[in-house]
Amino acid sequence: MATLHTRSAARLMIAPSVLLLLAWMIVPLAMTIYFSFLRYNLLMPGMEEFAGFSNYKYFLTDPAFFHAIFNTLAIVLGVLFITVVGGIALALLLDQPMFGQGIVRILVIAPFLIMPTVAALVWKNMFMNPVNGLFAWVAKLFGLQPFDFLANAPLMSVILIVAWQWLPFATLILLTALQSLDEEQKEAAQMDGASAWSRFIYLVLPHLSRAITVVILIQTIFLLSVFAEILVTTNGGPGTQSTNLTFLVYAQALLQFDVGGASAGGIIAVILANIVAFFLMRMIGKTLEA
Amino acid sequence: MARNVSTRRKIVVTVVAWTIGILIFFPILWTFLTSFKTEAEAIASPPSLFFFDWTTENYHEVQSRSNYFLHFMNSVVVSFGSTLIGLIIAIPSAWAMAFSPTKRTKDVLMWMLSTKMMPSVGVLVPMYLLFRNTGLLDTRTGLVIVLTLINLPIIIWMLYTYFKEIPGEILEAARMDGASLSKEIIYVLTPMAIPGIASTLLLNIILAWNEAFWTLNLSAAKAAPLTAFIASYSSPEGLFYAKLSAASTMAIAPILILGWFSQKQLVRGLTFGAVK
């Protein structure tokens with residue numbers, strides 16, 4: 001059916017998107033690679049010189065880099081754990097017959113729609129603040145000493161805030177997948193005398209496996225780049241206790257004006273993300289064939 | 001059998017689910033309530049949930065002190081602008097890939113998606129310098145350009161999965177009835193494509209409205225959308241809970257409402273059609 005004419009028309013229609021994305025992908029990335037080999041500081045314009053791999057060497061041997069890698073992984077894994085386990089539990093709960101299901105759903109998905117800076121500031125000031133926060137008030141109610149979350153457990157606090165934002169995403173996707181489970185299969189399993197637990201392990205969990213994979217992979221892509229939540233709550237601190245790779249590169253570039261070093265860090269972040277993306281692309285590619 | 005769930009069980013599930021739902025929603029509710037308190041009441045101990053002197057003073061204050069409306073309009077312009085431009089570029093592409101696919105269509109789609117995997121921080125430095133040198137730093141135009149580019153792959157993917165569901169037979173039937181290409185597009189395809197386009201529009205406005213990496217790094221005072229404006233409350237001087245709450249409530253309300261209307265599309269769009 002596709003004639004030569006429609007085919008060239010199709011190409012013309014696709015061209016703008018392809019060219020734009022191609023430019024978006026190649027131009028800045030090529031510049032980052034180029035900068036990463038330069039000694040280039042914005043405070044010393046005109047002093048740029050070729051630096052070989054020294055930026056990479058500097059970045060990779062900086063103790064802050066190892067903190068950042070550790071914190072990046074802690075945020076990704078911590079948030080994934082909370083959201084996937086919590087998401088499965090919530091999805092199972094919301095799948096049950098109840099009164100006002102639609103309203104509960106609306107309440108549960110709300111945090112995902114909140115902009116990151118608002119979410120982070122509301123938690124930081126109104127809940128986690130050791131003097132005026134609601135948590136401090138609750139602690140005092142029980143005669144406990146208020147806990148200064150952001151000073152004493154900065155990484156955990158960031159993980160909590162980010163998990164609150166992503167729990168709805170996991171829940172919503174797992175619930176959607178759960179609702180596509182064949183009702184008759186569940187009934188058949190029940191008739192055969194399968195306990196609720198074995199129905200969950202042998203029927204529900206395998207059915208959810210694809211949705212769980214999708215949740216993990218998509219969240220990982222976003223969680224590797226958590227930024228605003230750190231910027232407005234802890235600013236990466238105290239020290240580098242809550243600095244992730246994204247924040248470290250940002251600080252290197254826009255606070256220390258070290259273009260070369262920041263670029264090397266950026267390239268390292270790209271490489272790490274690509275390793276994750278490799279698996280995600282394969283997974284989504286399979287769905288496309290199905 | 002599974003249908004006659006006992007009423008008692010249903011009531012227990014209802015209580016548990018509502019409790020958890022309200023707990024998850026509580027920070028948003030609390031923000032909303034605090035926005036109507038005075039600064040003194042906002043930090044009062046014990047805090048009061050509903051019984052305080054409701055005042056709308058914070059909303060006026062936020063506007064008069066910081067020109068809130070400017071930042072609100074920045075958000076509107078940037079999110080709608082980037083989404084509309086994205087749609088104009090993406091509709092023909094998604095259309096062509098859905099209706100006259102070639103052997104390479106799948107590869108092109110996968111490649112487009114792969115551009116989304118690049119962490120923003122990998123290109124922060126060159127984008128900042130490019131924007132600084134071209135005068136795009138802290139302009140609405142600059143933000144529209146970046147947000148269009150970062151959301152373009154999602155727009156194309158969402159449209160593609162929707163267009164793919166329009167049955168090809170309908171086109172053939174229209175052709176058999178002697179419809180010309182232009183009539184085919186206006187009377188047959190457009191009405192079937194509009195729901196998909198609308199969902200894509202909605203989801204992308206949400207994503208663009210909440211985007212908080214590029215908006216924070218590439219804007220300052222003039223073009224700062226609400227994401228960046230609210231971030232200015234992170235300074236210690238900005239510890240005004242009631243005003244922070246009022247600014248936050250206005251920033252999140254429109255998107256909350258949009259999001260609640262598009263729950264289903266949210267799942268589909270965010271998983272690139274992998275979960276429907």
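This is a predicted model: local features need pLDDT of at least 70, side-chain atom pairs count only at pLDDT 80 or more; totals for chains, interfaces and linings use all residues.
1. The contact between the chains. On the chain B side, 85 residues are in contact with 87 residues of chain A. Helix 1 of chain B, residues 7-34, gives the most to that side, with 16 residues. By class, the side of chain B that touches chain A divides into 64 nonpolar, 19 polar and 2 charged residues.

2. The domains of chain B. Chain B is divided into domain 1, residues 7-57, and domain 2, residues 66-270. Taken over C-alpha atoms, the centres of domain 1 and domain 2 of chain B are separated by 32 Å.

3. Where the two domains of chain B touch. Here 9 residues of domain 1 of chain B are in contact with 7 residues of domain 2 of chain B. On the domain 1 side, helix 1 and helix 2 (39-42) of chain B each supply at least two residues. Helix 1 of chain B gives the most to that side, with 3 residues. The classes on the domain 1 side are 3 nonpolar, 4 polar and 2 charged residues.

4. The nonpolar core. The largest nonpolar core has 156 residues, and the members that touch the most others are A:Val162, A:Ile173, A:Leu174 and B:Leu159. Helix 7 of chain B, residues 140-164, provides the largest share of this core, 17 residues. Domain 1 (7-57) and domain 2 (66-270) of chain B each give this core at least three residues.

5. A:Leu174. This residue is among the core members that touch the most other members. Setting aside neighbours within four places in sequence, A:Leu174 is in contact with A:Gly87, A:Ile88, A:Ala91, A:Leu208, A:Ala211 and A:Val215.

6. A:Phe35, position and burial. A:Phe35 lies in helix 1 of chain A, residues 4-36. Is A:Phe35 buried or exposed? A:Phe35 counts as buried because it has 23 C-beta neighbours inside 10 Å, and the cut-off for a buried residue is 20 or more.

7. A:Phe35, surroundings. Apart from neighbours within four places in sequence, A:Phe35 is in contact with A:Tyr40, A:Val259, A:Gly260 and A:Ser263, and also with B:Val125 and B:Pro126 of chain B. A:Phe35 and A:Ala51 are 16 residues apart in sequence, with 9.6 Å between their C-alpha atoms.

Key. Residues are numbered from 1 along each chain as its sequence is written. Chains are lettered from A and ligands numbered from 1 in the order in which they are written. Helices (H or I, at least four residues) and strands (E, at least two) are DSSP runs, numbered from the N terminus. Ala, Val, Leu, Ile, Met, Phe, Trp, Tyr, Cys and Pro count as nonpolar, Asp, Glu, Lys and Arg as charged, and the others, Gly among them, as polar. A residue is buried if 20 or more other C-beta atoms lie within 10 Å of its own, exposed if 12 or fewer, and partly exposed in between; C-beta atoms are placed from the backbone. Domain bounds come from an automatic or database domain assignment. A nonpolar core is a set of buried Ala, Val, Leu, Ile, Met, Phe, Trp, Tyr and Cys residues joined through C-beta atoms within 7 Å.
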